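Good morning, and thank you for coming. I shall present one structure today, and I ask you to keep it in view as I speak.

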Amino acid sequence: MAITSKTVTVTPQMAQLWLIKAGKNRPIGNKAKDYASSMKAGKWILNGESIIFDDQGRLIDGQHRLTAVILADMAIPMIVTSGVDNPRAFETIDSGKKRTIADVLGIEGMKSGNAV
């Protein structure tokens with residue numbers, strides 16, 4: 001099976017079904033509430049980050065975003081990627097350095113992003 005990605009309007013019902021099939025994952029933290037607040041405020045941005053399923057249809061990334069869709073009780077467009085067939089892929093997801101506000105300010109040209 002090939003890896004495919006497409007934009008899908010994810011409803012709370014879809015999110016619930018996908019979370020049921022998720023299998024083992026980390027506990028849901030406050031980030032889901034933060035995402036839901038952003039969605040309700042109309043600040044959620046389709047940025048290319050995807051909900052990811054393996055080749056067996058199990059969710060391997062996106063549980064906080066899907067939980068936020070349920071909490072916000074809104075349909076939200078998201079990129080959905082499926083068909084990831086390497087069982088070790090999960091180990092590499094969300095393992096990079098988180099971008100900070102100082103990083104963003106520096107990219108935008110501000111010299112003292114950390115001080116701001």
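The buried residues of α3 are Gln-63, His-64, Arg-65, Leu-66, Thr-67, Ala-68, Val-69 and Ala-72. Please bear in mind that this is a predicted model. The helix α3 is mostly covered, since eight of its 10 residues are buried. What do the buried residues of α3 pack against? They pack against β1, α1, α2, β2, β3, which spans 59–61, and β4.

Let me turn to the nonpolar core. The largest one has 18 residues, and Val-10 and Leu-66 have the most contacts inside it. At least two residues of this core come from each of β1 (4–10), α1 (12–20), α2 (31–40), β2 (50–54), α3 (63–72) and β4 (76–84). Which element gives the most to this core? That is α3, with four residues. As a general remark, nonpolar side chains tend to be buried together in soluble globular proteins.

Four strands form an open sheet with mixed pairing, and their order is β1-β4-β2-β3. Why is one side of β1 and one side of β3 left without a neighbour in the sheet? The reason is that β1 and β3 stand at the edges and each has a single partner strand. From one strand to the next, the twist averages 35°. The helix α1 packs on the sheet, where it touches β1, β2, β3 and β4, and its direction makes about 125° with that of β1. As for β2 and β3, they pair in the antiparallel sense over two bridges. Within this pair, Ile-52 has Asp-61 in β3 as its bridge partner.

Asp-61 brings me to the charged residues. How many salt bridges does a search of the whole structure find? It finds two. In one, Arg-65 is joined to Asp-61, with the closest N and O atoms 3.0 Å apart. Arg-65 counts as buried because its relative accessibility is 7%, and Asp-61 is likewise buried, at 9%. In the other, Arg-58 pairs with Asp-54, again with the closest N and O atoms 3.0 Å apart. Here Asp-54 is buried, with a relative accessible area of 10%, whereas Arg-58, at 42%, counts as partly exposed.

Methods. Residues are numbered from 1 along each chain as its sequence is written. This is a predicted model: local features need pLDDT of at least 70, side-chain atom pairs count only at pLDDT 80 or more; totals for chains, interfaces and linings use all residues. Side-chain values use heavy atoms; hydrogens and water are left out. A nonpolar core is a set of buried Ala, Val, Leu, Ile, Met, Phe, Trp, Tyr and Cys residues joined through side-chain atoms within 4.5 Å. Buried means under 20% relative accessible area, exposed over 50%, partly exposed in between (1.4 Å probe, protein chains only). Contact means heavy atoms within 4.5 Å. Two strands pair if DSSP finds at least two bridges between them. Axes are lines fitted to C-alpha atoms, for helices over the stretch in contact, and angles run from 0 to 180 degrees between N-to-C directions. A salt bridge is a side-chain nitrogen of Lys or Arg within 4 Å of a carboxyl oxygen of Asp or Glu.
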